Amino acid sequence: MNVLSVERLGKRYGPRQLFKDISFGLEKGQKTAIVARNGTGKSTLLKCIAGIETPDEGTVTFNKGLRIGYLDQNVVMTGTHTMVDEMLDQDEPVTNAIRAYEHAVARHADERTMQQAVDRMTELNAWDHEARVKSLLFRFGLRDMEQPVNTLSGGQQKRLAMAKVLINKPDVLILDEPTNHLDLNMIEQLEEELNTPNITLLLVTHDRYFLDNVCDEIIEMEFGEFTRFKGNYSYYVEKKALLDEVRDATQQHLRGLMRSELEWVRKMPRARGTKSKSRLDKFEEIKAQATRKFDRDEVKIDVKTERLGGKVIEARNLTKSFGSKERPESYRPIVAHFSYSLKRGDRIGIVGPNGIGKSTFIELLVGRLKPDQGTVSIGDTVILGTFDQKGLQQSEDKRIIEVVRDIAEVIPLNKGRTLTASGLLERFLFDKEKQYQYVSTLSGGEKRRLYLCTVLMKNPNVLILDEPTNDLDIPTLYALEEFLIDLDICLLIVSHDRFFMDKLCTKLLVFEGEGHIKEWVGSYTELRESQKQKAVQQQNAKREETAQRTTAEAPQAALVARKKLTYAERLELQRIDKEMPQLEKRKEELLQIMAQGGNDHHAMMERSIELERTVAELDRMTDRWLELSEKAD
């Protein structure tokens with residue numbers, strides 16, 4: 001069933017035509033990604049389809065009654081309201097009741113207020129929706145529902161925005177760079193959520209593993225055409241290479257045909273008959289096709305790097321924390337007694353969850369932040385190049401060429417060659433006309449490309465990249481990867497892009513929390529497989545221990561809990577006692593269905609996903625039951 005139809009869509013900004021005559025449709029359950037270069041209008045196209053912006057021409061039609069969810073590329077929350085208020089900002093009876101209940105629980109309301117909130121939730125049958133709200137927030141690592149949204153980090157705000165989009169179970173999801181600022185655990189959670197069969201998905205992302213794991217169709221915007229590839233990203237790469245070969249061969253054939261026809265045109269007598277006119281028209285068609293430009297402008301990265309000596313960066317007993325140990329709720333250790341020596345040729349990835357201190361660690365290494373203890377020494381021959389998350393720190397009313405000329409008019413290249421500022425910008429796909437545009441006119445990806453240009457033109461021999469893949473298009477990522485692979489420098493990368501890290505890094509510094517950092521020799525993918533195996537072993541051991549404790553202690557613990565817990569917690573415990581047997585029963589039913597098998601693969605996939613969620617919810621409830629019981633004890 002077709003759920004979305006886009007007909008001859010077009011959009012222009014001033015003299016610039018972003019896109020024109022775009023037409024396509026989406027079937028229910030289809031998961032489609034749009035792939036194109038930065039500045040071609042991908043984000044604007046999504047906004048036009050979502051109804052955020054109005055196209056200059058064309059129509060967008062959704063089936064009636066569908067719920068549409070849209071996630072913007074840039075999420076900025078400045079309000080002081082709480083996370084639960086942001087999550088449930090609709091003025092509806094159910095959401096109002098949930099907000100009132102959550103505020104009552106969090107703020108330890110009196111028994112009368114608590115009872116009124118509980119009665120209202122029961123009256124509106126809002127418990128299921130409340131459970132989904134909490135489940136989504138917990139799955140995306142957001143637990144303090146009373147935290148003001150303006151105090152959340154960029155990654156936390158992105159996760160909250162994603163959870164907010166998913167809460168109403170949209171039929172069609174339109175997502176612009178959903179993995180930006182998300183750590184790997186959150187990306188995997190999102191992949192699991194989006195793989196639900198009944199969700200129709202249209203997205204833009206540069207994350208190539210994400211495209212492989214989620215999408216079943218790739219649409220490419222290139223040369224003014226909209227080409228569809230029925231498969232994931234790996235399929236797209238393979239088929240696109242074949243398509244390019246066919247296109248090149250066809251052009252060669254047309255050019256040969258054009259040359260022979262050109263000879264006829266030159267010899268043709270002045271008196272043209274009907275046949276001559278027809279053949280002349282045909283020649284013009286062949287000429288138009290044969291001379292059509294399919295050359296792709298590639299980012300050409302070629303800068304000189306200074307020789308690097310034996311000493312690069314040495315950290316000795318490095319220690320840094322925020323807050324005070326006397327106030328445990330505010331104490332946040334970043335790194336504790338860490339010693340490490342970076343060597344020439346090292347290619348090190350820095351990995352760990354959002355908010356654990358990776359960017360702070362970089363600030364310590366480059367000397368922007370002083371440690372509490374220990375020292376960092378940098379070699380005399382080191383020339384640092386730092387590409388950080390803040391991006392280009394330039395005035396928006398500056399011209400692009402001025403940004404580069406402020407650093408240098410002439411840039412040295414390898415083998416004694418030089419390049420002007422304008423020439424370097426052309427290599428980074430800013431043609432002479434565009435160089436005199438203002439920075440404010442650039443897309444997010446174009447700004448990141450310009451920022452990369454300004455970092456590399458300083459000829460660094462130690463390059464530190466903090467989330468470099470955010471907003472860069474895939475061709476630019478390929479160019480950057482190929483450049484860095486051949487470069488004889490020391491490389492430090494903070495990134496959640498699995499493809500990028502696997503390709504460039506030979507070892508990792510893994511942030512485990514509480515200031516602990518361990519070294520891992522191998523790829524990012526190998527690390528994740530090891531972590532998953534360890535997590536499964538721990539979960540199995542925990543489940544076995546929980547089952548034994550539950551059997552032995554449940555009756556007495558429940559009695560004690562009911563005597564000592566607050567009124568709200570007693571109600572929560574009663575609800576858990578009621579719901580856990582139902583979930584256990586459903587789990588057994590699903591296991592039996594899966595064991596029986598069947599030919600309906602779609603239905604089996606749905607049951608498999610439901611089973612995973614049921615097990616996850618059981619684990620969550622068990623943990624909460626233990627938490628309440630221990631509190632009562």
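The tour goes from a nonpolar core to a helix and then to its packing partner.

This is a predicted model, in which local features need pLDDT of at least 70, side-chain atom pairs count only at pLDDT 80 or more, and totals for chains, interfaces and linings use all residues. Residues are numbered from 1 along each chain as its sequence is written, and side-chain values use heavy atoms, with hydrogens and water left out.

Start by selecting M87 and L160: of the 55 residues in the largest nonpolar core, these two touch the most other members. Such a core is a set of buried Ala, Val, Leu, Ile, Met, Phe, Trp, Tyr and Cys residues joined through side-chain atoms within 4.5 Å; buried means under 20% relative accessible area (1.4 Å probe, protein chains only). Helix α6 (residues 154-166) gives this core its largest share, six residues; helices here are DSSP runs of H or I, at least four residues, numbered from the N terminus.

Now show what surrounds M87. Beyond its neighbours within four places in sequence, M87 is in contact (heavy atoms within 4.5 Å) with residues including V133, L136, L137 and L160.

Next, select helix α5, residues 127-139. Its buried residues include W127, V133, L136 and L137.

Terms used:
Buried means under 20% relative accessible area, exposed over 50%, partly exposed in between (1.4 Å probe, protein chains only). Helices (H or I, at least four residues) and strands (E, at least two) are DSSP runs, numbered from the N terminus. The expected span of a helix is 1.5 Å times one less than its number of residues.
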